[in-house]
Amino acid sequence: MTLTPGDPLLLTPGPLTTAAETREAMLHDWGSRDQAFMDANAAVRAKLLEIANAADTHVCVPLQGSGTFVVEAALCTLIARDGKALILVNGAYGKRMARILDYAGRAYEVSETAEDTPPDVPALAAKLAADAAITHVLVVHCETTSGILNPISDIAHAVKDAGRSLIIDAMSAFGAIELDAAKVPFDAVMASSNKCLEGVPGMGFALIRKSVLEGCEGNAHSLSLDLFDQWRAMEANGQWRFTPPTHVIFAFAKAIEQFEAKGGQPGRFKRYSENCRILIDGMAELGFQPLLPQGLQAPIIVTFRMPSDPAFDFQVFYDKVKDRGFVLYPGKLTVAPSFRVGCIGHLGADEMKAALKAMAEVLAEMGVKTGAPQAAE
Ligand SMILES: *Cc1c(COP(=O)(O)O)cnc(C)c1O
């Protein structure tokens, strides 16, 4: 790993640790009509399609902003004003899509399971059969709220069989967990520069089925979030409609270069899976218990149940671990008090082991005997 000494290591759902080379790629200025910039932009768009094996069927539309901006843009561009969405919710990011549709004034229904429970695919198929008004199904690939991996292939086939359109928020999975457009039918998938592809934050992108996007003119109620308009304009002259995040794109191109050199998606999956295994095993030695069983855990971020030792105080633990150079993340769960530790970003086995060592030292300093949670009643 090429890290910068003194910088904190971010064991979070984002922003994430990036390689020094990625950050160094930003140390210039470019004009938005600069040929070097337009070439880098075109190359990044093409490579993102390749990662999902979607170059023949989909187009890549990038958008300024954090990941939520492109989620909102994709939902509002693809779902017609008289459309209706079914949102499969098992965490905060599914709920966020519902809030987006509240703002946009699109009809929707929520099908919710607990944060540690994947969506029920037969129930989804039954729901689609029963309600002809539903035009789109929305789902999160890895729900970063808990770290759960949702059964995207089964969901995609159920939606396809019912003749509806699937939109996937794959923000925290894209590039690390396989998503092959030839095997998993989807109309749109959204992700961002700064999760598993390890670019710097600042832009999102949507891979959208070309035949679908062609029919989306006039759907969006927002000019800056209209991905149809963004796509048309970019196809016409190779430029972004409004000031592009030039530095972010050059950093992204550099990050994708390293991604390819290290084996692409399978390589990234392997590194993150090792990070995740080292983390869960090391935390188990300290008594900590993950929320999810192994079969549901994505190698992205791990939720640990809050220890019941009275000497444990999360804020003190967090601050002391941070003083040692590692940033953890609070939990956002309703099912159980918890905190999270990420496995993604430019981190490998050495960094995960160093983080475990720091956590062990802090527990000893705090007088915490075990990280074990309250036994289930
Ligand atoms: C990170 C993330 C997002 C986007 O969050 P931003 O803070 O807007 O970048 C959306 N969905 C999921 C599943 C995520 O993990």
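This report describes the domains, salt bridges, cysteines and backbone features of one protein structure.

The model is predicted: local features are given only at pLDDT of at least 70, side-chain atom pairs count only at pLDDT 80 or more, and totals for chains, interfaces and linings use all residues. Residues are numbered from 1 along each chain as its sequence is written, and side-chain values use heavy atoms, with hydrogens and water left out.

## Domains and their interface

The protein is divided into domain 1, made of residues 9–13 + 264–366, and domain 2, made of residues 24–260; these bounds come from an automatic or database domain assignment. The C-alpha centres of the two domains lie 28 Å apart. Domain 1 brings 24 residues to the contact and domain 2 brings 27 residues, where contact means heavy atoms within 4.5 Å.

The area buried between domain 1 and domain 2 is about 2,200 Å², and carbon and sulfur atoms give 58% of it. Buried area is the accessible area (1.4 Å probe) that two parts lose on being put together, summed over both. On the side of domain 1, the residues that lose the most area to domain 2 are Gln265, Arg268 and Leu296, which together give 27% of what that side buries.

Polar pairing also occurs at this interface. The rule finds 14 residue pairs in polar contact across the interface of domain 1 and domain 2, both residues being at pLDDT 80 or more. A polar contact is a pair of N or O atoms within 3.5 Å; within protein, one must be able to donate a hydrogen and the other to accept it, and residues adjacent in sequence count only if both atoms are side-chain atoms. In domain 1, the elements that give two or more residues to the side touching domain 2 are α10 (264–285) and β11 (301–305). Of these, α10 gives the most, with 6 residues. Helices (H or I, at least four residues) and strands (E, at least two) are DSSP runs, numbered from the N terminus.

## Salt bridges

Side chains of opposite charge can pair when their charged atoms come close. A salt bridge is here a side-chain nitrogen of Lys or Arg within 4 Å of a carboxyl oxygen of Asp or Glu. The structure holds 20 salt bridges, and the count between domain 1 and domain 2 is 2 salt bridges. The table lists some of the pairs in the structure.

| Salt bridge | Closest N and O atoms |
|---|---|
| Glu109 with Lys84 | 2.8 Å |
| Lys84 with Asp131 | 2.7 Å |
| Glu178 with Lys183 | 3.3 Å |
| Glu198 with Arg268 | 3.7 Å |

The relative accessibility of Lys84 is 17%, whereas Glu109 is partly exposed at 26%.

In the pair of Glu178 and Lys183, Glu178 is partly exposed with a relative accessible area of 45%, and Lys183 is partly exposed with 48%.

## Cysteines

A disulfide is a covalent bond between the sulfur atoms of two cysteines. Taking a disulfide as a pair of cysteine sulfur atoms within 2.5 Å, the count comes to 0 disulfides. The sulfur of Cys142 has its closest cysteine sulfur in Cys196, at 7.8 Å, which is too far for a bond. For Cys276 the closest cysteine sulfur is in Cys343, at 3.9 Å, again too far for a bond. Cys142 is buried, with a relative accessible area of 1%, and Cys276 is buried at 6%.

## Backbone features

The peptide bond from Gly14 to Pro15 is cis, with omega near -5°. Pro15 is found in the loop between β1 (9–10) and α1 (20–24).

Asn53, although not a glycine, has a positive phi of about 50°. Asn53 lies in the loop between α2 (35–51) and β2 (58–64) and is partly exposed, with a relative accessible area of 44%.

Glu198, the partner of Arg268 in a salt bridge, has a positive phi near 65°. Glu198 lies in the loop between β9 (188–192) and β10 (203–209) and is buried, at 5% relative accessibility.

How values were computed:
Buried means under 20% relative accessible area, exposed over 50%, partly exposed in between (1.4 Å probe, protein chains only).
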